[in-house]
Amino acid sequence: TSTPTGGGSTGASAPPAVAAAPPPPRKPAKNYAAMEKAMSGGDMDGALQLLNEVLDKDPADGHAYALRGSVHQKKGELAEAAGDFRMAASFNEPEAESALRQVSLLRVQPNMQKAEQFSKEGNFVKAAEELRDALNIAPNLSILHRKLADVLKQLGDPKEAEKEMIKANDLDKAPSAPKGDAASGTPTASK
C-alpha cells in the first residue's frame, strides 16, 4: 500500500479557480415616481431638488440626468437641459441624443432666424457670423454646417464651404444618424 506524501494529499485535486461573478446590474438610486409626479404636477423646482439628491448619491444615473434635462427644458433653461441630455447620452440613456438635438435646435433658433434674415438682405457676412455663433453653441448640428456652407458659397469662399459640407456629411454619418447614401460615403448634392 502506498501512503500519500506531501502534506497528506489524498490524490483528489483542488477544484479549478472560478472567475468572480459579474456585479449585479446597477439599480436606480431612487424610485422615479416621486420625481415624475412632481414634474407632472408642475412642481419643477421640487422635481429638480429630488433629481439633484439622486445624482448626488449616484452620479452615474443616466435616467436621472435625462429627467433633469426634461425639467430644465420645461423651465426654459436650455443650456442646462443640453448639459443634462449630453450626460444622459454618455450613459446610453435611450432618447437622450434625440432630446439633445431638439434642445440644441431650440437654443440656436434665434441665430438661425437672424442668419436667414441677413441672407435675404444680402448681408452674408452677418449671416455667417450668426451661424458661427450658433455653431459655438451646438457644434454637432449638421444643418448649421450646411447653412454656413451655403453662405460661404455666396461670399465666394468655396474652400471653406466645402470644409463645412464635409463636417455636415461626417455628422450625418454618425452612428445615431439615419443610414442612407451618407453611410456609404457617397457625397450627396446639397439642395
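D172 is partly exposed, at 22% relative accessibility. In this predicted model, D172 forms a salt bridge with R146, with 2.1 Å between the closest N and O atoms. The two residues are 26 apart and link distant parts of the chain: R146 lies in helix α7 (residues 142–154) and D172 in helix α8 (residues 158–172). R146 also counts as partly exposed, with a relative accessibility of 23%.

## Salt bridges within helices

Helix α8 also holds the pair E160 and K163, which are 3 residues apart, or about one helical turn. Their salt bridge has its closest N and O atoms 3.1 Å apart. E160 is partly exposed at 28% relative accessible area, and K163 is partly exposed at 46%.

In helix α6 (residues 124–137), K126 and E129 are likewise 3 residues apart, about one turn of the helix. Their side chains form a salt bridge with an N to O distance of 3.8 Å. Both residues are partly exposed, K126 with a relative accessible area of 37% and E129 with 40%.

## Overall architecture

The protein chain contains 9 helices and 0 strands. The chain has 191 residues, of which 32% count as buried. Of the contacts between residues at least 6 apart in sequence, 45% join residues at least 24 apart.

The accessible surface of the chain is about 12100 Å², and carbon and sulfur atoms account for 54% of that area. The structure holds 8 salt bridges, including the R146–D172 pair.

Conventions. Residues are numbered from 1 along each chain as its sequence is written. This is a predicted model: local features need pLDDT of at least 70, side-chain atom pairs count only at pLDDT 80 or more; totals for chains, interfaces and linings use all residues. Side-chain values use heavy atoms; hydrogens and water are left out. Helices (H or I, at least four residues) and strands (E, at least two) are DSSP runs, numbered from the N terminus. Buried means under 20% relative accessible area, exposed over 50%, partly exposed in between (1.4 Å probe, protein chains only). Contact means heavy atoms within 4.5 Å. Accessible areas come from the Shrake-Rupley method with a 1.4 Å probe; for residues, only the protein chains shown count as cover. A salt bridge is a side-chain nitrogen of Lys or Arg within 4 Å of a carboxyl oxygen of Asp or Glu.
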